[in-house]
Amino acid sequence: MKIMTWNINGIRSARGKTSTKSFLDSLNADIICLQETKISRDMLDETAAIVDDYESYFSFSRKKTGYSGTANYCKKTTAPVKAEEGLTGKLSSHNQTAVGCYGNMKGFSNDDLEALDVEGRCVITQHKIRLPSNVLKDLAIVNVYAPRAGEKEDRLRYKLKFLSLLQSRCESLLKEKIHVIVVGDMNMTHKQLDTCESEYDVEFLRLPSRIWFNGMLQKSERDTSLPAMDSYLNEIAPPGLEGGHFSDVFRYLHPDQANAYTNWYTTNDHRQTNYGRRLDYILVDTELAGFATKCEIQPEVEGSDHCPVVLTLECEPVPSTISPKHCSKFMPEFRGQQQKLSIFFGKTGKKSSKSGCFSAKNSRGCHQASNLNSETGEFLNSQVQKPKVECMQAIPLAKNAPLKRGTTQKEQGCKKQKTDSKRLSSNQVNLNSFFTKSKNLNAGINTSATTSDSCKACDKIVIDLEEDYDLDDLELSPNVNLKTLPPEKESLPLSHLKGFPSSGMAEETINSKTNSDVWKALLKGPSPPPLCPGHKEPCILKTVTKRGPNKNKQFYVCSRPDGAPGNPELRCNFFQWLNKKSKKL
């Protein structure tokens, strides 16, 4: 059985344009545990919640949209028997299918417990497995996305409370003879072997979160350079925590493997040089760790600033025939019990016109109109009358003639013409003018095209004359006589017109080109980037994002990826502000 953990940094962006099923199948795991899904309950759509051959279980952030979030996708061959959101049990309303075993929560107030689950950082699924000895066991997979403390005191306290409650819950499950696997982004490094940094300062070595992680592991895997106790951690943690019940299976199977990282800073291209950290872990209880045959880091899988970690267990999953109530398919919006607001704004089908007429196509491809009884849905007339259809297509011929009635638009197909009783005196185009027949047509040129059965008139050019246009300005080919044209040939092909476009339009084109050259000379654009002295290569432009006086300022640095210091093939130390030259002037 394969179990994968991956901080996906947004499930929609990582999935891309592929379907959710194709995306999950490509990961090739039985249980896929995702962190930082960045979707809330209202953002979850059916394509991500209901996937063929999978069951999904989500934990959403209720604090803000597009933040945190965890999800477990289980193949139906590994369908869980129980599932639950959160660590505290405050979010669970399905007692029969909830995992339970909440442990000791003394020392946590109700506000603390609600706050620890409000960010959607944990989802638990409980499965049945059959070991090689043919013994059935219960297995709880705890998918967590540990908070990042940074330099904020309140977030550090929040993180330690979360980790302490996680340990209490896991030890409570173990006491009920349930095997436990903790997977996820722990937002910490355990040993110096797990980071690219060559040196640690004293404060980092003594971080309370690292001391907590060290105490979770069995004694043979602990970092002896870390203290066994921390006063700040002891103040927060509930009483009765034991520790020493878990194994970091990657280090258990690969104790000395270096450069095994799961996270990189993408802004500095650290992934290209494998200059990263190991923040994603799979912790297995010591009794079950003996059945772990393989644990691999997959840096070749892209789509996030993290990469997946896959554990292979020597056991057989026993699927449940009944899905837990926390399964996404039981959500009201996916069971047809709740309507979403978006359905009121979607297209539900073709609507009939105001007059109650139904538009249909005849065998010749042109539209017909017939009366339809709105009550019975039957046609009132047995024979459908063909409406007179005219194809209008016009081009402006005079230099100063205003563009009206969409004279440069091509009519697609034969559309029924309407009459316009008003003509706008201003230059503003009326919407109705696109569907009306021109009234300013000279008697010598009949611009209405009689439509044949196959609508051949659509290939003709019809002259649309404005009120201030003179027929003497129109020059036709010598073989064209307006007076002798038969009625069916009164539509003039474009080949009969000379001097189109006019010379005036050509002059305007030349003037426009000259003006464009002048503006290009004035606005030359940014100057070329400087060359870094280390590699003599063009630098790249970046922007300061950290808070402070230099935020949003731009600067040049070496274009090569960053990495361990001292390597001449990597990024050199060149730095230059974008406006450095302008300051000297």
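These notebook entries record what I looked up in a predicted model of one protein chain.

**Entry 1. The chain as a whole**

I began with the totals. The protein chain holds 13 helices and 22 strands. I noted that 43% of its 585 residues are buried. I then turned to the contacts with a separation of 6 or more, and found that residues 24 or more positions apart account for 66% of them.

**Entry 2. Strand E8 and its two partners**

I looked up strand E8, residues 178-185, and asked how many of its residues are buried. The count is eight of eight, and I recorded the strand as mostly covered.

I next checked the pairing of E8. Strand E7, residues 136-145, is joined to E8 by eight bridges, and the two run parallel. Within this pair, Asn143 has Val183 of E8 as its bridge partner. I followed the chain from E7 to E8 and found that it passes through helix H5, residues 153-175; this β-α-β crossover is right-handed.

E8 is also joined to strand E12, residues 280-285, by five bridges, and here the strands run antiparallel.

**Entry 3. Ile282 in strand E12**

I selected Ile282, which is located in E12. Is Ile282 buried or exposed? Its relative accessibility is 2%, and Ile282 therefore counts as buried, the cut-off being under 20%.

I then listed its contacts, leaving aside neighbours within four places in sequence. Among them are Ile181, Val182 and Val183, and strand E8 spans residues 178-185. Ile282 also touches Ile3 and Thr5, and strand E1 spans residues 2-7. Further contacts include Val309, Val310 and Leu311, with strand E14 covering residues 309-313. Ser247, Asp248 and Val249 are in contact with Ile282 as well. I also noted one C-alpha separation: Ile282 and Ile181 are 101 residues apart along the chain, and their C-alpha atoms are 6.9 Å apart.

I examined two helix contacts of H5. With helix H7, residues 208-216, the axes come within 10 Å and cross at roughly 10 degrees. H5 and H7 are therefore roughly parallel to each other, since angles under 35 degrees count as such. On the H5 side I found Lys159, Leu160, Leu163, Ser164, Leu166 and Gln167, which meet Pro208, Ser209, Trp212 and Met216 of H7. By class, the residues of this contact are six nonpolar, three polar and one charged.

I also asked how many residues of H7 are buried. Eight of the nine are, so H7 is largely enclosed by the rest of the structure. The buried residues are Pro208, Ser209, Arg210, Ile211, Trp212, Phe213, Asn214 and Met216.

With helix H4, residues 110-117, the axis of H5 again comes within 10 Å, but the crossing is at roughly 90 degrees. That makes H4 roughly perpendicular to H5. H4 contributes Asp112, Leu113, Ala115 and Leu116, and H5 contributes Tyr158, Lys161, Phe162 and Leu165. I counted six nonpolar, no polar and two charged residues in the contact of H4 with H5.

**Entry 4. The six-stranded sheet**

I traced an open sheet of six strands in the order E3-E4-E2-E1-E14-E13, with mixed pairing. Strand E3 (54-59) and strand E13 (292-297) are the edge strands, each pairing on one side only. From one strand to the next, the twist averages 15 degrees.

Inside the sheet I checked E1 and E14, which pair in the antiparallel sense over four bridges. Lys2 stands opposite Thr312 in E14. I then recorded that helix H2, residues 20-27, packs on the sheet and touches E1, strand E2 (31-35), E3 and strand E4 (70-75). The direction of H2 makes about 115 degrees with that of E1.

**Entry 5. Ser328**

Not counting residues up to four places away in sequence, Ser328 touches Ala49, Ile50, Ser56, Tyr57, Phe58 and Phe334. I noted that this list includes Ser56, Tyr57 and Phe58, and that edge strand E3 spans 54-59.

Conventions. Residues numbered from 1 in each chain as written. Predicted model: local features only at pLDDT ≥ 70, side-chain atom pairs only at ≥ 80, totals over all residues. Heavy atoms only, no water. Buried < 20%, exposed > 50% of the residue type's maximum accessible area, 1.4 Å probe, protein only. Pairing = 2+ DSSP bridges. Right-handed = clockwise from strand over helix to strand, strands pointing away. Axes fitted to C-alpha atoms, helices over the stretch in contact; angles between N-to-C directions. Parallel < 35°, antiparallel > 145°, perpendicular 65-115°, else oblique. Contact = heavy atoms within 4.5 Å. Nonpolar A, V, L, I, M, F, W, Y, C, P; charged D, E, K, R; others polar.
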